[in-house]
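Let's go through this model in short questions and answers. Keep the sequence and the coordinates open.

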Amino acid sequence: MKTPSLSEFRRIVVKVGSSLLVDRARGRLRHAWLAALAEDLAELRQRGADVLVVSSGAIALGRTVLNLPSGPLRLEESQAAAAVGQIALARNWAEALAAHGLTAGQILLTLADTEQRRRYLNARATLGRLLDLRAIPVINENDTVATTEIRYGDNDRLAARVATMAGADLLVLFSDIDGLYTAPPAKDPSARHIPVVERITPEIDAMAGGAASELSRGGMRTKIEAGKIAIAGGTHMLIADGRAKNPLASIAGGGRCTWFLTASTPATARKTWIAGTLEPRGTLHVDAGAARALRGGASLLPVGVARIEGEFARGDAVLIRDPDGQLLGRGLVAYDAGEAALVLGKASRDIETVLGYPGRAEMIHRDDMALGLG
């Protein structure tokens with residue numbers, strides 16, 4: 001495969017680790033570095049790309065404010081540090097982006113928000129709306145409430161989940177190393193840099209090392225795991241050294257990094273998942289007009305649904321059948337069965353009147369639909 005260029009991508013997730021954002025010795029945020037990165041992000045936005053940021057640093061900042069000792073923290077200490085540090089982290093991101101006329105939106109996620117379909121769809125819709133409104137979502141794990149058993153524990157894998165959730169075509173993982181090597185270069189002088197990974201093989205897996213520092217909970221191992229998630233979701237990924245000023249500009253200028261390539265696209269990967277992985281919980285029977293609209297690439301609106309079968313919840317997979325009973329495809333439904341029964345046949349503008357609260361305009365959004373299965 002040809003090595004891509006940064007300018008090719010339309011939606012980019014940039015993950016920033018604690019060791020880049022926070023001066024380890026002083027426990028303070030590196031304001032000049034953040035300002036330079038914000039300049040890079042503004043450049044991406046100026047050329048029309050959507051940008052999302054996954055940012056570590058809350059615990060690292062909070063432990064300094066609270067005068068917590070160096071070394072591993074107990075769970076309740078980490079949560080307390082996150083509660084204090086997240087305020088500072090969000091404020092600094094908002095100020096750095098505002099200097100370029102950009103609006104930041106804070107999103108805190110837990111593992112369940114990316115693994116449970118109902119919560120996943122809510123988070124996905126929020127991200128999509130923020131991007132539509134030209135804001136830059138700044139995302140972190142919700143360390144204040146997440147416990148050891150229900151957390152990612154590192155933002156590499158969280159960033160990969162966010163990338164697939166948002167339909168990003170590129171994930172950039174900034175680290176303190178310029179990519180993947182055949183062995184940890186600090187320990188093995190003969191280690192060779194690998195510029196492109198076309199497939200994550202057992203040999204690639206074996207090249208991953210351990211964690212980087214006490215401020216960073218990730219290492220090359222978590223980056224390889226993130227690569228597996230991204231590639232399965234149709235997202236390219238790259239690992240690059242983020243310590244230089246304007247690190248994205250450095251990549252665009254040919255700076256050394258490691259590309260992890262996928263042969264798929266986010267849309268194709270998502271539709272494959274919907275088509276072949278999820279067990280359908282019900283059926284939506286649509287009228288002739290809706291069937292034509294769906295074949296033309298439209299979303300399924302409540303007005304086009306003639307009747308429903310089954311007991312399903314929002315986020316479940318359902319079958320879609322035309323008036324003759326032929327299978328058109330399947331999708332992730334935006335309503336519980338009870339709500340769907342109330343709004344079917346109704347115009348989207350009437351949904352709030354029928355339900356008593358605002359609902360989704362679509363019964364199934366086109367991005368959550370896979371057709372042509374019959």
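Q: How many residues does helix 2 have, and what span does it reach from first C-alpha to last?
A: This is a predicted model, where local features need pLDDT of at least 70, side-chain atom pairs count only at pLDDT 80 or more, and totals for chains, interfaces and linings use all residues. Residues are numbered from 1 along each chain as its sequence is written, and side-chain values use heavy atoms, with hydrogens and water left out. Helices (H or I, at least four residues) and strands (E, at least two) are DSSP runs numbered from the N terminus, and expected helix span is 1.5 Å times one less than the number of residues. Helix 2 covers residues 31–46, its span is close to the 22 Å expected at 1.5 Å a residue, and the values are 16 residues and 22 Å.

Q: Which residues of helix 2 are buried?
A: Buried means under 20% relative accessible area, exposed over 50%, and partly exposed in between (1.4 Å probe, protein chains only). By that cut-off, the buried residues of helix 2 are Trp-33, Leu-34, Ala-36, Leu-37, Ala-38, Asp-40, Leu-41, Ala-42, Leu-44 and Arg-45.

Q: Which residue with a positive phi follows helix 2?
A: The phi there is near 105°. The residue is Gly-48.

Q: Which backbone nitrogen does the side chain of Ser-18 reach?
A: Ser-18 sits in helix 1, residues 18–21. Ser-18 counts as buried because its relative accessible area is 8%. A polar contact is a pair of N or O atoms within 3.5 Å; within protein, one must be able to donate a hydrogen and the other to accept it, and residues adjacent in sequence count only if both atoms are side-chain atoms. At 3.2 Å, the Ser-18 side chain reaches the backbone nitrogen of Gly-57.

Q: At what angle do helix 3 and helix 4 pack?
A: Axes are lines fitted to C-alpha atoms, for helices over the stretch in contact, and angles run from 0 to 180 degrees between N-to-C directions. Angles under 35 degrees count as roughly parallel, over 145 as roughly antiparallel, 65 to 115 as roughly perpendicular and the rest as oblique. Helix 3 (residues 58–65) and helix 4 (residues 75–98) have axes 6 Å apart and pack at about 100°. Therefore helix 3 relative to helix 4 is roughly perpendicular.

Q: Where is Asn-67, and is Asn-67 buried or exposed?
A: Asn-67 is not a glycine, yet its phi is positive, about 60°. Asn-67 belongs to the loop between helix 3 and helix 4. Its relative accessibility is 68%, so Asn-67 is exposed.

Q: How far apart in space are the C-alpha atoms of Ala-90 and Ile-139?
A: Ala-90 is part of helix 4. With 25% relative accessibility, Ala-90 is partly exposed. Ala-90 and Ile-139 are 49 residues apart in sequence, and their C-alpha distance is 9.4 Å.

Q: Which residues of helix 7 meet helix 6?
A: Helix 6 (residues 117–132) and helix 7 (residues 155–165) pack at about 75°, axes 10 Å apart. Contact means heavy atoms within 4.5 Å. From helix 6 come Tyr-120, Ala-123, Arg-124 and Leu-127; from helix 7, Val-162, Thr-164 and Met-165.

Q: Which residues does His-236 touch?
A: His-236 is in strand 11, residues 236–241. His-236 is buried, at 16% relative accessibility. Leaving out residues up to four places away in sequence, His-236 touches Phe-9, Asp-169, Leu-170, Leu-171, Phe-260, Leu-261 and Thr-262.
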